[in-house]
Amino acid sequence: MAGGGEGPTLEFTPTWVVAVVCTVIVAISLAVERALHSGGKYLKKKKQKPLYEALLKVKEELMLLGFISLLLTVFQNRITKICVNPKIMDKWLPCKLHHDGHLDGKETAHYSATSVFGGIFGPTRRLLAAGAKAQQGYCGKKNKVPLLSVEAFHHLHIFIFVLAIVHVTFCALTIVFGGLKIRQWKQWEEENAKEISEVDEAQTKITHVQEHDFVKDHFWGIGKNYRVKGWLHSFLNQFYGSVCRSDYLTLRLGFISTHCRGNPKFDFYTYMVRALEDDFKRVVGISWYLWIFVVIFMLMNVDGWHAYFWIAFIPFFLLLAVGTKLQHVITQLAHEVAEKHIAVEGELIVQPSDKHFWFGKPKFVLFLIHLILFQNAFEMAFFFWIWVQYGFTSCIMGKVRYIVPRLVIGVFIQVLCSYSTLPLYAIVTQMGTKFKKAIFDEGIRSGLIGWAQKAKKRKASSVDGSGSTSGSSVGVQLGKVNQKTTTKG
């Protein structure tokens, strides 16, 4: 048979084997493609455009992975034939070498088939080993070694796929469990809508600010000591009851009073969920700067550095900082109204503003959440990949005292982000100066754009300026749009 030690080529492979393998691969690929297509049709039917766009983002990631896979396959032989001086390959290793240049007996577990899936990867490794011998022979004639072996190339190939799949899965789980928490607020929205319908507008209500539940929960007085207490309360409050009924209703009223004053029955809950779904499509993707993080993390995986242990604390501290900041925005809103008023006529109203957020940009919080979820997914993906590929006792896995804290931190981040940080993000980031376009569905946006274009034409055709549209008429139209959104929601 042709092919020597690398096994038979297609010329000497039974046709039924080729047909069966192609059938299985094509069937699996088509099943996944059809499932994604059906999911997209369902989301479009339900008019869930943000989720549909998130699904398209997943498809883009799959296409990118396919292109990466193609590049790795095409350039595999060329890269593995790049020969370098052996001394270069003795530095920056994940596992320690003996003086003779061989791995210690304890640390060779990752080169053997001792992983939990050794039976699955065993045949693949034997085929790769044959190819590796050929490449080593090519470089060995020059008294050099390959820059990257065939087997290492194959493992890198697998890790990229594992990372992408784990990231998308973790993002989906975060949205699902966070959505379950947010869904509890729908009852508050419905109860408040009934109360608004039953209230007597002719009756004047006086609200004593200090006695309001929202202020009592978040106002800690004036001065430096109270500021410290406010930050401490914000830090602790993210771990339990992050958003209560008084918080939700007060923030809701602040949003409506700022952005749609003419529509007190505006469905804030539906708007907030749409805005969160709109943000989800950005979180589920792997941006270019995240791939840079991957390269940096893999570069730092040097024996003795325990880099992945220390890296695990980055998303941990970032998540605590984000949760504390979001809680503190609520505290700042309470302080603003408590410091200005003793009593107010009507309901207590807070004033949304971008100044409460880092760099005056609520979107920066989304960037941090994206970074946190990706880094956590990277940690988990790397752990499971090493466990499956090399075994739990592999030297590249590290010692148990470093592994357990990483796993505990990873689970903690996933749970806290799902049940606390994400719901906080969903409502608190609405307290910015601007509202999001998710406030309108596609039909309403098109109608509003059409109305604006007609208004411009009337203004242009007017000679004496009588056709100009005042700011008050714009507010009336926005109120109508808000009313239509509420009816459809």
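Predicted model: local features only at pLDDT ≥ 70, side-chain atom pairs only at ≥ 80, totals over all residues.

Now to the bonded pairs. Searching the whole structure gives two disulfides. One of them connects Cys83 and Cys139, with an S to S distance of 2.0 Å. Its ends sit in distant parts of the chain, 56 residues apart: Cys83 belongs to strand S1 (residues 83–84), while Cys139 belongs to helix H3 (residues 118–140). The angle about the S-S bond is -80°, which makes this link left-handed. Cys83 has a relative accessible area of 16%, so it counts as buried, and Cys139 is buried as well, at 0%.

The other disulfide is formed by Cys95 and Cys395, whose sulfur atoms are 1.7 Å apart. Cys95 is in the loop between S1 and H3, and Cys395 is in the loop between helix H13 (363–389) and helix H14 (400–428), so this bond ties together parts 300 residues apart in sequence. Here the link is right-handed, with 95° about the S-S bond. Both Cys95 and Cys395 are buried.

If you number the bonded cysteines in sequence order, the pairing reads 1-3, 2-4. Cys171, by contrast, takes part in no disulfide; the nearest cysteine sulfur belongs to Cys417, 8.8 Å away. Cys171 is buried, at 1% relative accessibility.

Conventions:
Residues numbered from 1 in each chain as written. Heavy atoms only, no water. Disulfide = S-S within 2.5 Å. Helix = DSSP H or I, 4+ residues; strand = E, 2+ residues; numbered from the N terminus. Buried < 20%, exposed > 50% of the residue type's maximum accessible area, 1.4 Å probe, protein only.
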